[in-house]
Amino acid sequence: MLVAAGRGERLGEDRPKAFARLGDLPLLAEPLRRLDESEHVDGIVVVAPPDWEEPSILLAEQIGASKVSACVRGGETRADSVRAGLAEVPDDAEIVLVHDAARPVLPAEVIERLIAALGEGYDGAVPVVPVSDTVKRAVAGVVVETLPRHELVAAQTPQAFVAAVLRAAFSSSDNSLATDCASLVEAAGGRVKVVAGDERLQKVTTRADLERVSGWLDG
């Protein structure tokens, strides 16, 4: 599943983030192409920005992304968007990979590490990178705790799950505020393994992020 419904106000564009220009094509084209080329991906459900479903389908056709099986309208929150996409995943799917289009550079080896983790019997797998800054928890403007940095990691996407486990997690909890799928699976008692992420899975939030990602592609 490719979640591409983000608005992207901080990019300063007059269009959704997924359709900001990255090189000669909309940003959405890069992660869509990479998922389509993956030997581990059998079908792709695109969760498009509201009212951008048709342009998303046309883009998939333009780049020859033949694995796109459905394109649905995204919701108000990320969790709403994932739920909408999950409804279009075939009932016989064993694994669901959820990726944010805002991370357009998707190394193939990350997908391989995620699939391998599920093969070890875990309910889910998440790519992570170490946290280099000291992280403090603050309440009402006052530090109440300094967290042990060696235990902290930053989660990325794609995240992979046993399909039945992910469906159950979305149906059994209040997921309106969830910022990633793994947190819901964790809350439902699922075992989620972390695997090595990649700095190239940079999330595009600002214009500077877009330029950095563009530089990696040009390189």
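Q: In which loop is Ala 140 found?

A: This is a predicted model. In it, Ala 140 sits in the loop between strand E8 (136–139) and strand E9 (142–146).

Q: What is the phi of Ala 140, and is the residue buried or exposed?

A: Phi is near 55 degrees, a positive value in a residue other than glycine. For burial, read the relative accessible area: exposed means over 50%. Ala 140 has 78%, so it counts as exposed.

Q: Where does Asp 51 lie, and what is its phi?

A: Asp 51 lies in the loop between E4 and H2. Its phi is positive, about 70 degrees, although Asp 51 is not a glycine. The relative accessible area of Asp 51 is 59%, so this residue is exposed too.

Q: Which residues does a cis peptide bond join?

A: Look at omega. The bond between Thr 157 and Pro 158 is cis, with omega about 10 degrees. Pro 158 belongs to the loop between strand E10 (153–155) and strand E11 (159–162).

Q: Now the whole chain. How many helices and strands does it have?

A: There are 7 helices and 12 strands.

Q: What does the radius of gyration say about the chain?

A: Compare it with the value for a compact globule. For 219 residues that value would be near 17 Å. The chain has 17 Å, so the two agree. The C-alpha trace spans about 50 × 40 × 30 Å along its principal axes.

Q: What percentage of the residues count as buried?

A: Of the 219 residues, 43% do. The accessible surface of the chain is about 11,200 Å². Carbon and sulfur atoms account for 48% of that surface.

Q: How many positive and negative side chains are there?

A: The chain has 23 positive and 35 negative side chains. The centres of the two sets lie 5 Å apart.

Q: How do I read contacts against sequence distance?

A: Take contacts between residues at least 6 apart in sequence, then ask what share of them join residues at least 24 apart. Here the share is 71%.

Q: Where do nonpolar side chains tend to be in soluble globular proteins?

A: They tend to be buried together. Now this structure. The largest nonpolar core has 26 residues. Leu 2, Leu 28, Leu 32, Leu 35, Ile 44, Leu 97 and Leu 114 touch the most other members.

Q: Which elements give two or more residues to this core?

A: They are helix H1 (29–37), strand E4 (44–48), helix H2 (53–63) and helix H4 (108–119). H4 gives the most, with 5 residues.

Q: How many residues are in the second, separate core?

A: The second core has 24 residues. Met 1, Val 47, Leu 86 and Ala 169 are included.

Q: What does Leu 28 touch, if residues up to four places away in sequence are not counted?

A: Leu 28 touches Leu 2, Ala 4, Ala 18, Phe 19, Ser 56, Leu 59 and Ala 101.

Q: Which helix holds Leu 35, and is this residue buried or exposed?

A: Leu 35 is in helix H1. With a relative accessible area of 3%, it is buried.

Q: What is Leu 35 in contact with, neighbours within four places in sequence aside?

A: Leu 35 is in contact with Leu 2, Val 41, Ile 44, Lys 67, Leu 97, Leu 106 and Ile 111. One of these is Leu 2, 33 residues apart from Leu 35 in sequence. Their C-alpha atoms are 8.5 Å apart in space.

Q: And Ile 44: what does it touch, by the rule that residues up to four places away are not counted?

A: Its contacts are Leu 2, Leu 32, Leu 35, Asp 36, Lys 67, Val 68, Ser 69 and Ala 70.

Q: Last, Gly 64. In which loop is it found?

A: Gly 64 is in the loop between H2 and strand E5 (68–73). At 46% relative accessibility, it counts as partly exposed. Gly 64 and Arg 33 are 31 residues apart in sequence, and 8.1 Å apart in space, C-alpha to C-alpha.

Key:
Residues are numbered from 1 along each chain as its sequence is written. This is a predicted model: local features need pLDDT of at least 70, side-chain atom pairs count only at pLDDT 80 or more; totals for chains, interfaces and linings use all residues. Side-chain values use heavy atoms; hydrogens and water are left out. A nonpolar core is a set of buried Ala, Val, Leu, Ile, Met, Phe, Trp, Tyr and Cys residues joined through side-chain atoms within 4.5 Å. Buried means under 20% relative accessible area, exposed over 50%, partly exposed in between (1.4 Å probe, protein chains only). Helices (H or I, at least four residues) and strands (E, at least two) are DSSP runs, numbered from the N terminus. Contact means heavy atoms within 4.5 Å. The radius of gyration is taken over C-alpha atoms; the globule rule is 2.2 Å times the number of residues to the power 0.38. Accessible areas come from the Shrake-Rupley method with a 1.4 Å probe; for residues, only the protein chains shown count as cover. Lys and Arg count as positive and Asp and Glu as negative; His and the chain ends are not counted. The place of a charge is taken as NZ of Lys, CZ of Arg, CG of Asp or CD of Glu.
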